[in-house]
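Please look through the model below, first as a whole and then helix by helix and strand by strand.

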Amino acid sequence: MKQSKIYSSNRAPGNGSLPNTSPKIERLKRLDIVTLFPAMFEGPMSESLLGRAGKRGIIDIRTHNLRDWSASDRHRTIDDRPYGGGPGMVIQVEPIYRALRTLKVQGAKFFGKKKKPHVIYLSPQGRVLTQAHAASLSKRPWIILVCGHYEGIDERALSLIDEEVSIGDYVLTGGELPAMVLADVVVRLVPGVVKEAGSLAEESFQDGHLDYPHFTRPAVWKGKRVPAVLLSGDHAAIRKWRTAQAILATRKKRPELLTRRKR
Ligand code: 9WO
């Protein structure tokens, strides 16, 4: 029993409600996630912007259970003991191969022509994700995320993968949480998902600096005042103040962001 979960409307692929003003610039239209634990994605898919992007028909997001491509024994095995010994289990290459082969057929129907997906494996061995990298991924029309578990995947499966991505230098129990992080950062950069996001302002700003400080009512709280400039109504002055504050905050909290060259 194949059970892919589709988090989208049944609308045709396209820009949702947005007019197609710039056909040359591609954007993410379809995101497939291959995992042994599809249920882990249900929360983010129903509660967050990720799910809303799907429902609004902006991006077709689907999770797939890797067990659907197990060697057809009744235990639906997808893993085996490591050659050479050692603890734990290794995910076999064949289920991953079959999953990707199936998805490529599905994708050809979805896009109406043969299309090469960008296949990403989430692993601590990958290149560490940055805002700039996420921005370039959001321009790929089709991404497939492969989530490992246990001790990892058979090394030969890497020949089916375009790129390994890490979300930070730590080891988790699986690639699912990193896949959700990657999906979140990439999806919110797709035009129409979040107001303003993906704009020139965001690319030049969030990329290199921290955000400026935010304030909301009340104007005075336990004697602490909101900076007067924010109440002035002088938008040019406010813009200047925010830029200065962003640079100050970056210098104080994350000085390496100002000196390190962009990756
Ligand atoms: C390391 C290891 C060392 C000794 C014995 C067993 C071991 N397993 C691992 C390991 O890296 N397991 C991974 C668990 C296999 C692939 C999926 N897993 C994973 C992905 N953990 N952490 C990530 C991950 C992915 C992206 N960014 C940060 C962490």
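Which residues are buried in α5? They are E176, P178, A179, M180, L182, A183, V186 and V187, where buried stands for 20 or more other C-beta atoms within 10 Å of a residue's own, exposed for 12 or fewer and partly exposed for anything in between, with C-beta atoms placed from the backbone. The structure is a predicted model, in which local features need pLDDT of at least 70 and side-chain atom pairs count only at pLDDT 80 or more, while totals for chains, interfaces and linings use all residues. Residues are numbered from 1 along each chain as its sequence is written.

Helix α5 covers residues 176-187, and helices (H or I, at least four residues) and strands (E, at least two) are DSSP runs numbered from the N terminus.

A nonpolar core is a set of buried Ala, Val, Leu, Ile, Met, Phe, Trp, Tyr and Cys residues joined through C-beta atoms within 7 Å; the largest one here has 45 residues, of which L145, V146, L182 and A183 touch the most other members. At least two residues of this core come from each of β2, α2, α3, β6, β7 and α5. Beyond its neighbours within four places in sequence, A183 is in contact (C-beta atoms, placed from the backbone, within 7 Å) with L31, L50 and L145.

Around the ligand there are 17 residues, and G148, G152, S166, L172 and P178 come nearest; a residue counts as near if its C-beta atom, placed from the backbone, lies within 6 Å. Strand β6 (residues 118-128) gives the most to this shell, with three residues.

D79, found in strand β4, is partly exposed, with 19 other C-beta atoms within 10 Å. Leaving aside neighbours within four places in sequence, D79 is in contact with M89, V90, I91, Q92 and Y150. R27, in the loop between β1 and β2, is also partly exposed, with 19 C-beta neighbours inside 10 Å. Not counting residues up to four places away in sequence, R27 touches S138, K139, V190 and P191.

Definitions and conventions: The expected span of a helix is 1.5 Å times one less than its number of residues. Two residues are in contact if their C-beta atoms, placed from the backbone, lie within 7 Å.
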